[in-house]
There are 4 protein chains.
Amino acid sequence: MVKVTVWNENRHEQKNQAVREVYPQGIHGAIADFLQQDYQVKTATLDEPAHGLTDAVLDDTDVLIWWGHIAHDEVDDGIVEKVKQRILGGMGLIVLHSGHFSKIFKALMGTTCDLKWREADEKERLWVVDPSHPIAEGVGEYIELDKEEMYGEHFDIPAPDQLVFLSWFAGGEVFRSGCTYQRGKGKIFYFRPGHETYPTYYHEDVQRVIKNAVQWAKPVKRPAPVYGNVKPLEAIKTKN
Amino acid sequence: MVKVTVWNENRHEQKNQAVREVYPQGIHGAIADFLQQDYQVKTATLDEPAHGLTDAVLDDTDVLIWWGHIAHDEVDDGIVEKVKQRILGGMGLIVLHSGHFSKIFKALMGTTCDLKWREADEKERLWVVDPSHPIAEGVGEYIELDKEEMYGEHFDIPAPDQLVFLSWFAGGEVFRSGCTYQRGKGKIFYFRPGHETYPTYYHEDVQRVIKNAVQWAKPVKRPAPVYGNVKPLEAIKTKN
Amino acid sequence: MVKVTVWNENRHEQKNQAVREVYPQGIHGAIADFLQQDYQVKTATLDEPAHGLTDAVLDDTDVLIWWGHIAHDEVDDGIVEKVKQRILGGMGLIVLHSGHFSKIFKALMGTTCDLKWREADEKERLWVVDPSHPIAEGVGEYIELDKEEMYGEHFDIPAPDQLVFLSWFAGGEVFRSGCTYQRGKGKIFYFRPGHETYPTYYHEDVQRVIKNAVQWAKPVKRPAPVYGNVKPLEAIKTKN
Amino acid sequence: MVKVTVWNENRHEQKNQAVREVYPQGIHGAIADFLQQDYQVKTATLDEPAHGLTDAVLDDTDVLIWWGHIAHDEVDDGIVEKVKQRILGGMGLIVLHSGHFSKIFKALMGTTCDLKWREADEKERLWVVDPSHPIAEGVGEYIELDKEEMYGEHFDIPAPDQLVFLSWFAGGEVFRSGCTYQRGKGKIFYFRPGHETYPTYYHEDVQRVIKNAVQWAKPVKRPAPVYGNVKPLEAIKTKN
């Protein structure tokens, strides 16, 4: 059974009554809740020691889910580096919504990961553009979210390896909202929806996509690549 | 359980004693044999009615494996078109070795699929270049085949969506030997090894790759996309 | 100076007074007109002998532009095959709007190239998603077309090598509207806008994109790849 | 005329007589020399103030070429960050050989950029796998280097946007040796050859590739994308 750790900054929930009403157990609690049907799930949050991401926890994690927003800079650089090495070593990573600006996502992308945004109770429609992709399994032509925050292009990311969803927003923008990447032995999925004031993570299709993404991102079992100085596998003739 | 149909031209086996000695049940028989441990497997060959690819067979196929070489032009155009529509509709396709020149692969690629080749009992080493890919699960740094036919670049294919294996050949060439493509709802994997006079399909790692590829290529369950004239989802304001 | 041939079906212009008023010299005439400032330009149309695409014309063409709609099936298969071989041999191809359903584009893509559509005098906004791409040179954040035909996802094409533009439509759809592909030695650009009843090809940014695309798609001068049976470049040791 | 700055660590040249004999003006001098025929060229080295990469120099640079090896960690982090922002803003970057381990390349890739290596006076053959790419203009089927350092897979980079060259090595390895990436408004080309003890940068085809890459990587002129909080472009209806 795939082992998932759901990491959440968990600050909006403490500061903002409106968010707490939507997510009384925190965003991490809501995500853990629907994943528990299929996976072995833990949660971790910013204010725990080591942000809840100890070696023991990471040793026991196949796929890490990341939600952060207002406290990206409070995430310790050493822990970011440790998580990055885990991902390069095979752990899957699912970055949600405002996690686009997290240290871990920026470090893996190599770009600013900047974008346009607007909070206007705005309709979002996520169109499936890769109908063959397992992350879209069970999803219809599009996912419609009645009210969400808008994220708009240009989204400053490397061209995704695979583009699964494209968002339409009522206010006139579009967004690459479901993007896959490979980094080392690890697989990464960025999924746009999930502003803290909307009940997005209770939406059946949003849950389905995250469940599918866990399955897709789980580690591949094989030896780590060998690096460094190596002997030839074949005899090298030297001309004289 | 994923349902696999192994299609083989099955001509070398009839004409050539040396091939028959390597593959007494045909190449399709050898491939079916190792897949049966994990999948529900059928075989089909060129000389059967409808090349063994009736609607009933295709209705009951999740992933089609294709081996052909000297009789590509005897494959009926109507059946090629039918198989193509199935793939665009979600059936997986694994094209092996000389299948690069099959009508079905060329129709899906849009290029000549031409390449260099040489039969010289030559060492091939297939390096894993995407260590995160599920098709490489369980494989070490490379697969070594002591004697194989050489295929060399330029290989006239579209740039693969994902490049999983790169081959080194003793005679001086390289080859993109494990390539994935998405076409419609279908997923396609091209895998280079498997000349008819060598026992390549008995090699444990070659078998592992084909097994992994079946799992990767299986159809994603979701409704077919809607095409054609559609009504707006949102009211369109007309300026006057 | 890059040599461009603008091919147009030129049927709407003959049948429909409204189209003739927008494009009195035909769509090909309008496109040729703005390209002539920078390139050496010819035109060719369906009803000319060999559809205007004789060997002499193709010998003298670096980049071919293609606009067709209601008479795709009247294009001769032999000429399609000839044009395809030219593209694989290095000639650039720019496919416009309803050319998505042309025989030449479908043959190069390997998919149905189907899509959603609607004629509703609808606003289109083409967002630049690859700000580094030379095809977007000189274009702002987006191109806005006040009235256009809608094309919507799913667009049944292979994942583009590079995605340059994404369209937003007022009625609720999105579309991958600027897509590049490599096939053989040739480069292909699909660009969505240009329904026959709108003055789209007079729009300054649409013209700029097509000009940029010609420059991008021009042939690369180098020898054609060698295919077939080849001798080894290195001595092959045979074990005994 | 495109403005190029050739940056070189320039340490081997100071420490090692053998290197000095191959490159009496330094590697940067040799590269600048052949680029001066077509471009406006400056050089910069590690031991200059600000490593020679002042704002004035960067303001006057369209494409930066980077060669480093034994002193990557002496490159100032602030300067690396400044160069990174320039690249995201549109400056082209060509990373050569051991520059794979430079801070700037690793920061843009998000991976370790690790690889296998061996110094054994070994033959390298770089095969062109994308015959349509302008970086391969004028190059034959392959470039042969009689003696080079070996770099072998797995090369821990993100899957390249475009793969132009694949290397074969006599000792049994392969390598993705010509890779393009887009990051922000900038374009990046990694090109493998160029160990300091070999006269690789005097090879006509190596020079041709670097010249082509400069042309390909030059900045695209268009406004920088807008990021942050934006107003809607269309009226947003709020349901009640």
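Across the interface of chain D and chain A, the rule finds zero salt bridges. This is a predicted model. The salt-bridge rule asks for a side-chain nitrogen of Lys or Arg within 4 Å of a carboxyl oxygen of Asp or Glu. Polar contacts do occur. Between chain D and chain A there are 18 residue pairs in polar contact, with both residues at pLDDT 80 or more.

Now the extent of the contact. Chain D contributes 45 residues, and chain A contributes 45 residues. Together the two chains bury about 3500 Å². Carbon and sulfur atoms account for 55% of that area. Which three residues supply more of the area that chain D buries against chain A than any other three? They are D:W117, D:Y227 and D:I236, with 16%.

Next, the elements behind the chain D side. Helices α5 (77-88) and α6 (103-109) of chain D each supply at least two residues. So do four strands of chain D: β5 (116-128), β6 (142-152), β8 (174-183) and β10 (228-229). The largest share comes from β5(D), with six residues of the side that touches chain A.

Strand β5(D) also takes part in strand pairing across the two chains. Its partner is strand β10 of chain A, residues 228-229. The two strands run in the parallel sense and pair over two bridges. In one of the bridges, A:G228 has D:K116 of β5(D) as its partner.

Key
Residues numbered from 1 in each chain as written. Chains lettered and ligands numbered in written order. Predicted model: local features only at pLDDT ≥ 70, side-chain atom pairs only at ≥ 80, totals over all residues. Heavy atoms only, no water. Contact = heavy atoms within 4.5 Å. Buried area = accessible area lost by both parts, 1.4 Å probe. Polar contact = N/O pair within 3.5 Å; in protein donor to acceptor, adjacent residues only side chain to side chain. Pairing = 2+ DSSP bridges.
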